[in-house]
Amino acid sequence: MIPAAFDYVRAGSADEVVAALAEHGDEAKVIAGGMSLLPLMKLRLATPTVLVDAGRIDDLAYVRDAGDHIAIGALTRHRDLETSELLGESCGVLRGVAAEVGDNQVRHRGTLGGSVAHGDPASDLPAVLVALDATFVAQGPSGSRQLAAAAFFEGFLETALAPDELLTEVRVPKTGPDGWAYQKFNRRAQDWAIVGALAVRVAGAMRVALVNMGPTPLRAHGVETALAEGAAPDVAAGYGAEGTEAPSDLNASGEYREHLARVLVRRALEGAQA
Amino acid sequence: MDVSITVNGRAERHDVEPRTLLVQYLREACELTGTKVGCDTSSCGACTVLVDGESVKSCTMLAVQADGRSATTIEGLASGAELHAVQRAFQENHGLQCGFCTAGMVMAAVSLLDEVPNPTEADVRLGLEGNLCRCTGYHNIVKAVLAAAGSR
């Protein structure tokens, strides 16, 4: 399978990406590692006529201590997240879940920004960022703006990024090394999650997020509320499927996904509190 | 467009379309057919090669993304008649049957051992999760990778 023909633009900086997007509009797509976009292009589900390669903008690949938060460049690869000592100490959940993405080969190429901008509800890391109330920084023709994770994921493969904007940075709170657990249920080791459940303690309160339980990554607000009101983890987990829109597909019916969500939330809560 | 890649230590330069996949560049332009295309959807790992020393699935990378970088394929591992430690271990431990996954499996193992020099069995099984083998049941592959780690 070969992608449809396209013109290739290699960008040396975020400014060059934004300029190329301004010039080519909706016809252009940004590629970073290509782990999500290239499979779609090979299946001709995506047929951009201009491909803007951001993959060599090395100054957008970093994990930095920014005082009250950790700043991560959008071009930081999963491999660099899963081996980051700073992240291990300051936001262990992001480092740990990055190691669960795909397989070694995918993590050598795929980037945090690419995963976020792609907006796939079956991806692992967007759910982490929703749980952490991360902030995204996007650069467009009129400068940079910040977007809250809660308002970023709008639908299946749809985000609040404008067609002429580039995601440049992800900011996450310092949550420490521990106090989290991620439960990913799939049939083969490297597959996307059929359902995933994340529990992470942020500033003393337990946050819970779900993977592949709707068109976007979701917070399990029912579970969080029950916990805040003093419910035991196994009772709170009973609300794991509340407010979800679980899809039915070849792997699982929506009803089975709801069951998985409740079970996986319970296990994640037990793991995060252990 | 011209794409230059140092493949197995040799400078290659070929005029290819931007949509050319790295695996096509290696197999068709460089005529190195040891790298196989299996699933063509980045699931099976048969097309695994090293780019700048790290394993990647060459069916899901454009040749232009490797422009100016170095690539290593299965053909580049041995020194003359002397097999690479991982190749030798696969041979000695019967780590293959039909052989279709083997080039990718070996390259993934080389990258894994570079990152985790003294792996446990669990490390090997997890580290090779991106490579499928439909013959062996994996046991002898895992044994081979552990043997290669111990032999170095």
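Student: Which elements do the buried residues of helix H3 of chain B pack against?

Tutor: They pack against helix H6 (104–109) of chain A and, within chain B, against strands S3 (48–51) and S4 (54–57) and helices H2 (85–92), H4 (121–127) and H5. Helices (H or I, at least four residues) and strands (E, at least two) are DSSP runs numbered from the N terminus. This is a predicted model, in which local features need pLDDT of at least 70 and side-chain atom pairs 80 or more, while totals for chains, interfaces and linings use all residues. Residues are numbered from 1 along each chain as written, with chains lettered from A and ligands numbered from 1 in written order.

Student: How many residues of H3(B) are buried?

Tutor: 12 of its 14 residues are buried (20 or more other C-beta atoms, placed from the backbone, within 10 Å of their own), so H3(B) is largely enclosed by the rest of the structure. Among them are Met105(B), Ala109(B) and Leu113(B).

Student: At what angle do H3(B) and H5(B) pack?

Tutor: Two packed helices are described by the angle between their axes and the distance between the axes. Here H3(B) (residues 102–115) and H5(B) (residues 139–151) pack at about 40 degrees, with axes 11 Å apart.

Note on methods:
Axes are lines fitted to C-alpha atoms, for helices over the stretch in contact, and angles run from 0 to 180 degrees between N-to-C directions. Two residues are in contact if their C-beta atoms, placed from the backbone, lie within 7 Å.
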